[in-house]
Every structure is written in structure tokens, then in C-alpha cells.
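Me: I am new to this structure. Please show me how to read it, one feature at a time.

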Amino acid sequence: MFRLQTLLTIVMVFGVIYGNAQAPNTLTASEKKSGWILLFDGKTLNGWRGAYSSELPKQGWKVVNGELRGELTNGAESGDAGDIVTLEKYRDFQLVFEWKLGKGGNSGVKYFIEERQPKPEKGSQAGYEYQLIDDADYIYNGKPLPQDLKTASIYDVVAAKKPNAQIGVWHTSKIVVKKNHIEHWLDGQKVLDVDRNSDGFKRGVKESKFKDYQGFASIPEGHILLQDHGHSVAFKNIKLKEL
């Protein structure tokens, strides 16, 4: 009898937890009240467009089973479907998103995207990139990745302090921008904390591929961008709160 009651209790507890679980790509009443908005509704690409375009790419980016998928295969930066950006620009914000990459995958979430003219002849629009990549196995210029090109780093500028991110599983990431202060989080841990006025940040920009991009260290606002780097990537639960 005791065992039966215990089993029933366990079943009831799991039933309550399951019944109260938040559906993917939704906001709780508390989140709505505090100012969070969804950037992906789980059903459409409303709120997004192609970078340097008024329309979405005709291929590559699609919604499948509540996931925003970049089904991209050619391995080139912005050379398949092209990047997509939010319709709106943001200045101070928290951005939360879940993502998954396969073996050898490469993508990124960029912010402060200006779509500065002229449009780059090839490659992706410059911006601050929360790197998403197969840390352990991706080979860059014939070598394993340096830390500032690994997941959760500000790509090529500031290295995230973390072990290699596992591939083929869902991760939760957060970007916090408030004035010149930037934080990157991965799976609940803060892995990068930097001020754009610091010597370290300025040195990182000067030594990066963005050194000739005028004003890169002090871009005031911009679009959010999901990068086409020619490798398949999936996103869900993308939400933002302006600060």
C-alpha cells in the first residue's frame, strides 16, 4: 500500500510539473508585465527580414516544429541564404535565445548591426557577434580555434572564459547591453563581462578584423542579426527586453 501511494504521489507531482511547463516560444504573464517581447513566435518569421533587404530570403531560413532553422549548407559566410535581421533596432537590452549546432557547425548572433553602406561585396555585415561554433572540432586557417573565436566570445574582440561548448544539444544564451557594459552568458553562467571604454576592449578591436570599421568600438544601436555561415543552425525561445 505504501509503495502504491508513493507511486501515485510521484505521478501527481510529475503531472503538475508537466501541466505547468511553459510552452516554447511564449512569454509568461510576469515576463509580459516586465517588458519582455518575443522575437520569434514559433510559427512565422514575422519581425525579420533579409539583411540589406526589405524581404526575407527565399530559401534557407524556415520554421520547422517551432524552431527557426537556418538550413544552410555551402559553408560560406553569408553565401547561402544570407543573414536575417530584426525589423527594429535596439540600444540597451537583454536578449535571450536557445540554439543548437551540429558537428563542425558555425553561426552567430550579432547585435549593433547598422547595415552601413555600401553593402559588403561578400561576407556578413560587421557587428558585435555572440559566436556560435563547434569549439572543439572547427578548424580555422588549418588550426584549432583560438579562445576569442569560440562560442560566447565577442567574435575576434573579447574571449569568453569557458570550456568548449557541447555540440548537438540545446544551449541557452543571454546578451546584456547597458550603455557601454556588455555581458555574455551561456547556460546560466556569465562567461564574458566587458566595458567598451576599457583598454582591453579597445585593444581587442584594434587587433581584430574590425580595426578599419570606423566607430566599431562605440556603435550606439542596431539590428539583431542571425548569421548565415553556411552551416545548419536552429533557434527557439528568442526574447528581448529593452533596458
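Reply: Start with confidence. pLDDT is the predictor's confidence in each residue, from 0 to 100. This is a predicted model. The chain has a mean pLDDT of 90, and 88% of its residues reach 70 or more.

Me: Over which residues is the pLDDT below 50?
Reply: Over residues 6–19. Beyond near neighbours in sequence, that stretch has zero contacts in the model.

Me: How do I read an aromatic pair?
Reply: Two values describe a pair of aromatic rings: the distance of the centres and the angle of the planes. This structure holds ten aromatic pairs. Take Tyr 128 and Phe 201: their centres are 5.8 Å apart, with 50 degrees between the planes, so the pair is tilted.

Me: Which parts does the pair of Tyr 128 and Phe 201 tie together?
Reply: Tyr 128 is in strand β8 and Phe 201 is in helix α3, so the pair links parts 73 residues apart in sequence. Both residues are buried. They also belong to one aromatic cluster, whose members include Phe 93, Tyr 111 and Phe 216.

Me: What lies over the face of Trp 170?
Reply: Lys 236, at 4.3 Å from the ring centre. Likewise, the charged end of Lys 239 sits over the ring of Trp 36, 5.7 Å from its centre.

Me: How many salt bridges are there?
Reply: Ten. In one of them, Lys 190 pairs with Glu 183, and the closest N and O atoms are 3.9 Å apart. Asp 193 joins these two in a network of salt bridges.

Me: Is Glu 183 buried or exposed?
Reply: Its relative accessibility is 13%, so Glu 183 counts as buried. Lys 190, at 41%, counts as partly exposed.

How values were computed: Residues numbered from 1 in each chain as written. Predicted model: local features only at pLDDT ≥ 70, side-chain atom pairs only at ≥ 80, totals over all residues. Heavy atoms only, no water. Contact = heavy atoms within 4.5 Å. Phe/Tyr/Trp six-rings, centres within 6.5 Å; stacked < 30°, edge-to-face > 60°. Helix = DSSP H or I, 4+ residues; strand = E, 2+ residues; numbered from the N terminus. Buried < 20%, exposed > 50% of the residue type's maximum accessible area, 1.4 Å probe, protein only. Lys NZ or Arg CZ within 6 Å of the ring centre and 35° of its normal. Salt bridge = Lys/Arg side-chain N within 4 Å of Asp/Glu carboxyl O.
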